[in-house]
Amino acid sequence: MNATADSYSAARRPLTDIIENVPAASWSSSSPCEGWTARDVVRHLIETQRDLLAPHRVDLGEPPEVDDDPALAWRDHSQRVQAALADDAVPAISYEGYFGPTTLGATLEQFYVWDMIVHRWDIARAAGLDAALTGAELDLVEQGVDRFGDALYMDGICRPGVTAPTDADRLDQVLATLGRVA
């Protein structure tokens, strides 16, 4: 596999584990993302990844139905993305991104993998599960915060950061930069 497929797979596995363990009654629970349920977070992940790939002729087939079975929808979608990324030509597709010229691979690795890690915590929180973010994943989240700068706090991305308590652990500190409170 190429680096993009590896990065996607590394973020996909623990996210899929969380999604598959969400109790049925928790899909309508509020997530830390204002106005979104756990189901809405899965829908967001699927839709935004499709919105990135489709204009570049990466065919993922028909979008899965999220409302009936979010776990099945995620599994179907993420397997299709993983299969598409296995073709080295897909991550190499160049285009004009928000921050300038880039590739699908770079965008997926720098933003969408980041998004999968952050939203894994959101879904876990909504369902009362432990997202079990690793130190390496927190490193990636912090690198993303630094890389995105003020663009991270544009409407529809993250709320402005909040101040973590002085005795906060690393997870709580990182989440605070994203406007989340553990």
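In which loop is R57 found? In this predicted model, R57 lies in the loop between α2 and α3. Its relative accessibility is 79%, above the 50% cut-off, so R57 counts as exposed. R57 is not a glycine, yet it has a positive phi of about 60°. Most residues other than glycine have a negative phi. A second residue with a positive phi is A132, which is also not a glycine and has a phi near 50°. A132 is found in the loop between α4 and α5. With 48% relative accessibility, A132 counts as partly exposed, because this value falls between the limits of 20% and 50%.

The protein chain as a whole contains 6 helices and 2 strands. Along the sequence, these elements follow the pattern α-α-α-β-β-α-α-α. The C-alpha trace spans about 45 × 35 × 30 Å along its principal axes. For 182 residues, a compact globule would have a radius of gyration near 16 Å; the chain has 16 Å, and therefore agrees with that expectation. Of the contacts between residues at least 6 apart in sequence, 64% join residues at least 24 apart.

Of the 182 residues, 48% count as buried. The accessible surface of the chain comes to about 9,200 Å², and 50% of this surface belongs to carbon and sulfur atoms.

In soluble globular proteins, nonpolar side chains tend to be buried together. The largest nonpolar core of this model has 51 residues, of which I19, V42, L53, W74, W114, I123 and L178 touch the most other members. Two or more residues of this core come from each of α1 (3-20), α2 (38-53), α3 (70-85), α4 (104-127), α5 (135-148) and α6 (170-177). The element that gives the most is α4, with 13 residues.

The surroundings of W114 can be described in more detail. Leaving aside neighbours within four places in sequence, W114 is in contact with E109, L140, V141, G144, V145, F148, L152, C158 and L178.

H77 is found in helix α3. H77 counts as buried because its relative accessibility is 1%, under the 20% cut-off. Not counting residues up to four places away in sequence, H77 touches Y8, L45, I46, Q49, R50, L60 and P64. H77 is thus buried, whereas R57 is exposed.

Note on methods
Residues numbered from 1 in each chain as written. Predicted model: local features only at pLDDT ≥ 70, side-chain atom pairs only at ≥ 80, totals over all residues. Heavy atoms only, no water. Core = buried A, V, L, I, M, F, W, Y, C linked by side-chain atoms within 4.5 Å. Buried < 20%, exposed > 50% of the residue type's maximum accessible area, 1.4 Å probe, protein only. Helix = DSSP H or I, 4+ residues; strand = E, 2+ residues; numbered from the N terminus. Contact = heavy atoms within 4.5 Å. Rg over C-alpha atoms; globule rule 2.2 N^0.38 Å. Areas by Shrake-Rupley, 256 points an atom, 1.4 Å probe, with all protein chains shown as cover.
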